[in-house]
Every structure is written in structure tokens, then in C-alpha cells.
Amino acid sequence: MITCDGLIAAGAAVIQMGPSQAWEQIAYDSRLTHPGELFVALHTERADGHAFIGDAVAAGASGVLCVEPPKFIDPRVTVLTAPDVLATLSRWAAQRVQAVRPTVVAVTGSVGKTSTKRAIATVLGGSGPTFFSPRSFNTALGLAVALAGLRDAHQWAVLEFGADRRGEIAQLARLFPPQVGVVTAVGAAHLASLGSLDHVAEEKGALIRALPADGWAILNGDDPRVRAMAQSTQAWVLTYGSGPHCDLWFSNVDLALDGTRFDLHGHSDGEPPVGARRTERDQWTLRLQVPTVGVAGVRAALAAIATALACAIPLEQALPQIQRIEPSAGRLRPLSIGKGAVMLDDSFNAAPPSMLAALETLANLPARRRIAILGEMAGLGDASAHYHERIGTAAAEVVDVLITKGDRATSIAHAARAAALQQGRQLEVTSVYTAAAAIQALPSDLGDGDLVLVKGATESRMERVAAGLLQRDVPPDAVLVRQERAWRHVRVGTPDRPTTLRIDLDALAHNATRLRELTGAPLMAVLKGDAYGHGAIRSARTVLLSGARMLGVATLGEALALRHADIAAPILILGYTPPWQALDAVRQDIRCTIFDLKMAQALSAAAVQAGLIARVHVKVDTGMTRLGLAPADVPGFLQAVAALPQLQVEGLFTHFATGDEPDTAYFETQHARFEQLLADLQAAGLRPPIVHAANSAAALRFPQARYDMVRAGIALYGLAPAPEVPLPIELRPVMSFHTEIAQVRDVPSGTPVSYGGLFVTERPSRIATLPVGYADGFRRAPAGWREVLVCGYRAPVVGRVCMDYAMIDVTDCPPTRRGDQVVLIGQQGDDQITAEEVAEWLGTNTYEVVSAIMPRVPRESAEEG
């Protein structure tokens, strides 16, 4: 419990005293605040908690600790201030531990901290009241929040020490001096902030160096870097691991979904523990079972037993508690997903060591098929690609089906394909970007005996995959991690810039499916212009999983980018390919559009040289006057190219110039010309297998133009081809455009804004600056963006848009501050700015609006909450 007196002793001052002077829990996020809690307003890189005091009070907070109190606050709320909220909270927590005086057991390591902490708390709990920090509260803030639950009666306090930066563990050890220190492993985690593995070891070893001479170091003896920590302490040392080089060790591990059985061994000159048998003169062994799955659970159990011994708890008293260790949510927890299939939910987090351990567990469990859905790993810095590839190589030896989720995880998929090919194994590999797509990619006959591992870093939000797999009668919040309401909208990762495009790939998948259903024709997904600015590689994988038969691009470079991303589907270059690119196209099995004999001959020669087949589509100009053969020239051309070796005419197509115009007369003229040509070709036996003509507008408006395939471009992304061609209401926009406020200033009437001073305020105004400009595709002239959404209100763009910045007038909006989210295209609150509306402002079409958003704007996958 945290009290006013305790906070005052830690340096806080009371500004307003309400009825509540003590609190059972501390809240640091207004979205997670519950009635009766103390809300602490923290200033972080992402946001200033002072901006959310009102929301916390509205949620029921009865106390607030802040730097500057709000001007107006409910008088029933106790308000305290401190120069540094986190430092004050940390001092309070340290003083609280000093007052209660429990034996502090601190647990750290690159992996396995939380499971080991829970195992230790379970074993110690059999001998007296034990406090342990919940979840992964392992920072100065997290432990201070957790220690509100420390009670006077607690005999032991088991705390998890984490380290995202150098010096953090030493700081935690000073705040909460441990009598027992446990180190689980040193591995590739937090490399981006800590540097090399040696630096990771140095940081974790700070816990052992902080132990008193009469303390105990409990070390994983299988890890050389951890074992070496024994040389840096005067404390007593106990090691655990997988062999007699340790004080306690395990062998003969037998994995099952209901738990893990193993032999526990130890050294003893005296009588062995009750139930144990002596195997050597100074060794004993005992068969045990832990209710968790995997060797990691066995290691956690041994660390708990060693800790019990260090705390003078007899082995006979500690061992029965092993049976009471409960599987943790999101940590290799078996869950039924129906039809006899089982999910191994390991969605809490992921680093290379825990990924490898999870794959080893999957390999050693009995299964009909082993399936892994693996997300990205975070915090690996420059070594990220190396470690993702290493996981892919390991997965290829274990799994029958591999599904990867996220951009960085495609390296897992690439390495797995390569390894499986080298091993001569059949391995089904799919790369996706959303939870819904991951679930869709699972085998359709998933059933009895199938085992599905779900694992990834917090940033990958793999709990969404787990939630989608659960049986409907199992509430996700009862068995999965991160199921609180606030997590639906939390962005865990940090984008490269505050200005981003969010791409809803679930909407793209939905649109692809609906367009196939609406047109009744196979779908060519057009991805030119980086998928109209949406990101070609992600879009390609998404639409192919949703049934697209072929991909359309504008250039060989666009096609090669897809091939280099391991996308093997048929790709057609819809435009001009120069003859000198023929060999590259043929080698990558990329279909080219041809409309003259020179290019046909170049492709044929390239195919002969490469020993391959060159597949082509013939372009017919029925009235666009852009590219293609005149209809009258097509029969002779087809006869000529038929004589070329290793050249196969797979398709024939045209393009309608007015498919999106209200007047259909010219469309009908073009269509009639094409129909006549097709009739002539059919009669002459020259009609190619695939005929296509309809772009998005024609596919939606003219069923007679759908033929053997439709080419969906703009409609695929949930945008109308033209005002005269409204989309079916079930198609959804895929892209939204976001930024945030960089600065807000109050200016007097008569203040010029931006270059040239062309806009001058006519009243005292609040002007906000946005970090987005015309170099991002936020257009300047001759017509520019008119409005944006802030706090659900429309705010006008004022002054000239700069290369990197734009200014808006937020005078009529609710109070705004730095960091407030701004929507440029998309929905906020009850209002929406559409790409169609922006196109009208700019005097152009939606194609240009979305395609002109520059590559320097990061594209994020925006999963639905």
C-alpha cells in the first residue's frame, strides 16, 4: 500500500487533500486506471502524463502524483507534487522495502526471467508469505508500481530486474538490495541498446556484483558467461544446469502437453532427500514433474529449488511446491484450438534464445504436424537480420509448415526456404503481416495431432494470432497476455518518423476477396507505383493469400523487387520493357507485354540462351493511343511470334480510355473493336488462353469486359476510380495518413505564417506545426491540402506548406499540445477525410493522391484492434 505519508517522506508535497490518503494500486496509464488508484503523471518520450490526468480522474483515480498540478481538478482527489515523479516513486518503493525488510530475491537474465521469478515465488510461498512483482514489471517504474502490493507480513520479495540500457540493473540493486541474485542466461536480447553479448553479460553481472558476502548467487551453470559471474562475487554460489558440473542438474527430460518430467540430481555427502536414490558415492537423483512445458520450465524449477536452499528451506519442503508452479500466459502454454489441434502459446515476447528454445520444445513434443507462426524479434540492432535468418534455419529442421508475420520475419522465411531446399525437405512457407492473414494461412485441414507454436516479440502482437485461434468458448482474457482494452490501441514499436502511413492489410485482403466475388473472374492485382503507394511487397503477399492469380507491375524493377522478396506468383509487366532487359525478365519468369517484333525476338533469344520459356502478353490498342498494336495487325503478329522458339503467348489485352467516364459511347466503341478482334482470332485458332481488358472502373461497371481476368488497381485499395464510379459499400479504404503536432504557439492578430507571409492571422490564434511537408507528398501548390483532423475536429492548413512542415490553425479545436495525433487522410472521432476529398481539393484523382506520398514516409501495418 502507498500512503501520503510515505510519499511525503520520499519528497512529495501535498497540494490538495481529498478523502483518500492511501492507495492499494498505482496507475501510470489513464487507459488502464481503475477506481480508487493513485495516478502518476510521467513524462516519457512518447507523451506527457500530465495531459491525461483528467482522463485518469474520470476513470476513478482518487489520487494524483505529478510535477505540475492541473488548474482545475475534482476537490475529492488528493493531489501531490514532486520535482521528479519517477525518482520520488522509486525512493518511496526503496523506503517501503527497507521498512518491511523481506529477503529480496532478484532475478535477471536475457530470457526466462518472468517464468523463473514465478517458479521461485511458488516454491518460497510454501514456507511463508511471499511477494513477487506481477507480469514483467522489471524497471524502476514497474517495480515501484508493483511494490504497492508489498505487505508488512511478506517474508520474501521476488523481484525481476530488467535492463534496456546500461547501468539499469546496478541502479535497481541500489534501490532494492538483493540477498539472493539469480541469473538465468546471457543471450542476444536488447543488443540495440546494450551492444555486444559481452556488454549484456556485464549488465546482468551487476546483480551478482551487488550481492553481500553472506548472500547467494544462483547461476545457470550451462551458460559460460553466467557461470563466469561466480568469479566477481564474494557471495555463496549455487549453480544449476544439465550436468554434474553444476550443484543441481537435470537429465532424462520427457516432454508432454500436461507437463515435463525429468530427473533431478544433486551432490551430497550425507543422506539423500526423501524419495531420492543415490547414484554415485556423492550423488543422488529424484524423478520430478513440473506442470510447465519445455526445458525452460525445468530450468526455472531448478533455479527455484536452488533459491529455496539458499533461503535455508529444506529440499523436502521445497520439492512439493514444484507441482504447484502454474503455466504462465503467453509462455509455451498449451491451449486447445479445436478439432484436436493444440496451440503452444508463447506470444509474450521473443529473443533469439527463447525462439530457439521454443522450436526445440516443438520438436520434442509428439505431433502429426508441427506448425510455427513466428513474428519478428525486436531490439537486435544491426544483428537483426543475422538472428532472424538463424531462426529460419533452425525452423526448417523442425516444422512442417512455417508462417511468418511482419517485415523482419520475412528473413526467417527466406532462410527457412533455403535451408529446406538444401536439406531436400518439403516445407510450406508463407509470409504475412496481420493476425487474420496468419490464421488464414494455416492448413485448411488443421486437426487432431497438429501442434501450432505462436511466438514473437511484443511488437509483433502475436497474442492477436493466439486470440483468433482460441476456441470460441474460451475467453481470451482468461488465458492470454495483453487482453486489456487499452492494448487494442497501443502501438508498441517506435516508428521511424512521427509522420506515417498506416496500411490496413486486412482491409486489402477483404477487398481482394470481395472483388473476386463481385466480378466472378480471376484477379490480377495491379501493384505498380509501389502498389499505389501502399507498399508492393506487403500488398503482393496479402492479395495472393486472398486468391489473386497474377500480379501486374509497370517496370522490370518493380517485378524484380517482388521476386527478390521470394514472391513466386506470375508477374506481368503491363508496360514497355526494352530489349536489353529481356534476359533478366526471362531468368526470373516475369511475363512481358509485347507489341512489336523486335521485343518478341529479344525475349525468344533470351529464352533460348537461358534454356527457359518466355511468356508474353500481347497489347492491343483499341483506342487509348498509348501502347499496343492496331487490331488489324494482331493476327499477323501472333502468327509471326508463334514461329519464334521458346516464346509462349499466354495472354492478350487492351485498355479502356473512358471506363470511368459517365458517357459510355467511346467505351462501347473500344469494346466492339476488341470483341471483333477476339472473334477473328477465335476463328483462326489464334486466341491466347488469357484475355483481359477491364481495369477497376470497367470491372465494376461492365460485366461484358471481364473476360478471363480483371485487372484491379485503385479499387483494390478501397478507393473509387472516379466520382462517377462509386465503390461497392463493402470495399474499405486501406491507407490512412498520420502525423502529430510538433509545436503549438499562441500568436496575436496580424501574425504572418510561413514563407511569403501570405497568410496573416485576423485574430489571436493558436498555430500548430506539423512535421509533414511537400517532400512527403503533402501537396503545396497550386492547390493544396485544406484541412486535417485534430482531436476529432477539422483544422485548416494555413500559410504555405514547406518542404518538411505545415502549419494549421487549432484555435477552434479543443486544447491541443505537442504529440497530439493528427489525421491527414482517414478517420478520427466521428469525422473523416477521404482520399477522394483530398483529390477534389487538389484538382486531381485519388491515384495521384496516394501514389504521390513519398517513400520517406514509413508504411506501417495497421492491424485492427
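This is a predicted model: local features need pLDDT of at least 70, side-chain atom pairs count only at pLDDT 80 or more; totals for chains, interfaces and linings use all residues.
Local features are reported at pLDDT of at least 70 and side-chain atom pairs only at pLDDT 80 or more, whereas totals for chains, interfaces and linings use all residues. Residues are numbered from 1 along each chain as its sequence is written, and side-chain values use heavy atoms, with hydrogens and water left out.

Rings of Phe, Tyr and Trp (its six-membered ring) are paired when their centres lie within 6.5 Å; planes under 30 degrees apart count as stacked, over 60 as edge-to-face and the rest as tilted. The model holds 8 aromatic pairs under this rule. One of them joins Trp216 and Trp236, which are stacked at 5.8 Å centre to centre with 25° between the planes. Trp216 belongs to strand E12 (residues 216-220) and Trp236 to strand E13 (residues 236-241), so the pair ties together parts 20 residues apart in sequence. Strands are DSSP runs of at least two residues (E) and helices runs of at least four (H or I), both numbered from the N terminus. Trp216 is partly exposed, at 23% relative accessible area, while Trp236 is exposed, at 53%. Here buried means under 20% relative accessible area, exposed over 50% and partly exposed in between (1.4 Å probe, protein chains only).

The pair of Tyr532 and Tyr717 is tilted, because the ring centres are 5.2 Å apart and the planes stand at 40°. Tyr532 lies in helix H19 (residues 528-532) and Tyr717 in the loop between strand E32 (710-712) and strand E33 (735-740), so that this pair links distant parts of the chain, 185 residues apart. Both Tyr532 and Tyr717 are buried. Ring pairs also bring Tyr847 into a cluster with Tyr532 and Tyr717.
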